[in-house]
Amino acid sequence: MKPGVNACTFCLGMALFAALPAHAAPFSVGLPASAERGTPITASLLDGGVTQLEAADLVLTFDADVFTFSAATTGSATSGFSLLAGQPVFLQDSLWQVELSLATAGVAVDGISGALIEVGFMIRQSAPLGASAILFASKAASDYVVPEQVGWINVTQGSIQPVPEPTSSTLVAMGLLALVGWSRRLR
């Protein structure tokens, strides 16, 4: 590519970043790096600098082939808030969405950091192995702007538990009992 194209792309990216509200940069999604099939996980929408948060309308997108939505709760930064979580609705392919609304009847939260929302999922037993994403974003008319935040988790097979085998002494004892029973039957 031409050097001028890279510079223009960089400048455009910086202009878009500068146009975001001041509180938009510190967001992230908290997830474990990996988890086994059949285990519960929690995905957290984290905000490193909450600024005048009174209400937020968010959308959570996830792959239903990998995750089963369990529940959503307020996080450490929004403990006094009320939270309404809709039912998961089909989006496309295997993607589903849940609408989440946070609100407080009290004063706005300002100058703290922590989890805005914590969402529980179960990783399906049949989930494909490998990386899968969970995405949070604010709805278009939200009072609090959260740009798209993607968290990745690596789904693993998990450890296969060996089937316990009977010990040799148990097998010998069962064999002796069978012989005793057989000999009594012959008499």
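Predicted model: local features only at pLDDT ≥ 70, side-chain atom pairs only at ≥ 80, totals over all residues.

Reader: Which residues have the most contacts inside the largest nonpolar core?

Author: A nonpolar core is a set of buried nonpolar residues joined through their side-chain atoms. In this structure the largest such core has 36 residues, and those with the most contacts inside it are Leu-60, Leu-116 and Phe-121. Among the elements that give two or more residues to this core are strand 4 (55-63), strand 5 (67-74) and strand 10 (130-138), while the largest share, five residues, comes from strand 9. Leaving out residues up to four places away in sequence, Phe-121 touches, among others, Leu-60, Phe-62, Phe-67, Phe-69 and Ile-134.

Reader: Is Ser-94 buried or exposed, and what does its side chain make a polar contact with?

Author: Buried means under 20% relative accessible area, so Ser-94, at 16% relative accessibility, counts as buried, and this residue is found in the loop between strand 7 (89-92) and strand 8 (95-103). The side chain of Ser-94 makes a polar contact with that of Asp-63 at 2.7 Å. Beyond its neighbours within four places in sequence, Ser-94 is in contact with Phe-62, Asp-63, Ala-64 and Asp-65.

Reader: Which residues form the nonpolar patch on the surface?

Author: The patch is formed by Val-172, Leu-176, Leu-179, Trp-182 and Leu-186, which together have about 560 Å² of accessible area. Leu-179 lies in helix 2 (residues 168-186), and because its relative accessibility is 51%, Leu-179 counts as exposed, the cut-off being over 50%.

Technical notes
Residues numbered from 1 in each chain as written. Heavy atoms only, no water. Patch = residues over 30% accessible without salt bridge, like charges linked within 9 Å, V, L, I, M, F, W, Y side chains within 5 Å. Areas by Shrake-Rupley, 256 points an atom, 1.4 Å probe, with all protein chains shown as cover. Salt bridge = Lys/Arg side-chain N within 4 Å of Asp/Glu carboxyl O. Helix = DSSP H or I, 4+ residues; strand = E, 2+ residues; numbered from the N terminus. Buried < 20%, exposed > 50% of the residue type's maximum accessible area, 1.4 Å probe, protein only. Polar contact = N/O pair within 3.5 Å; in protein donor to acceptor, adjacent residues only side chain to side chain. Contact = heavy atoms within 4.5 Å. Core = buried A, V, L, I, M, F, W, Y, C linked by side-chain atoms within 4.5 Å.
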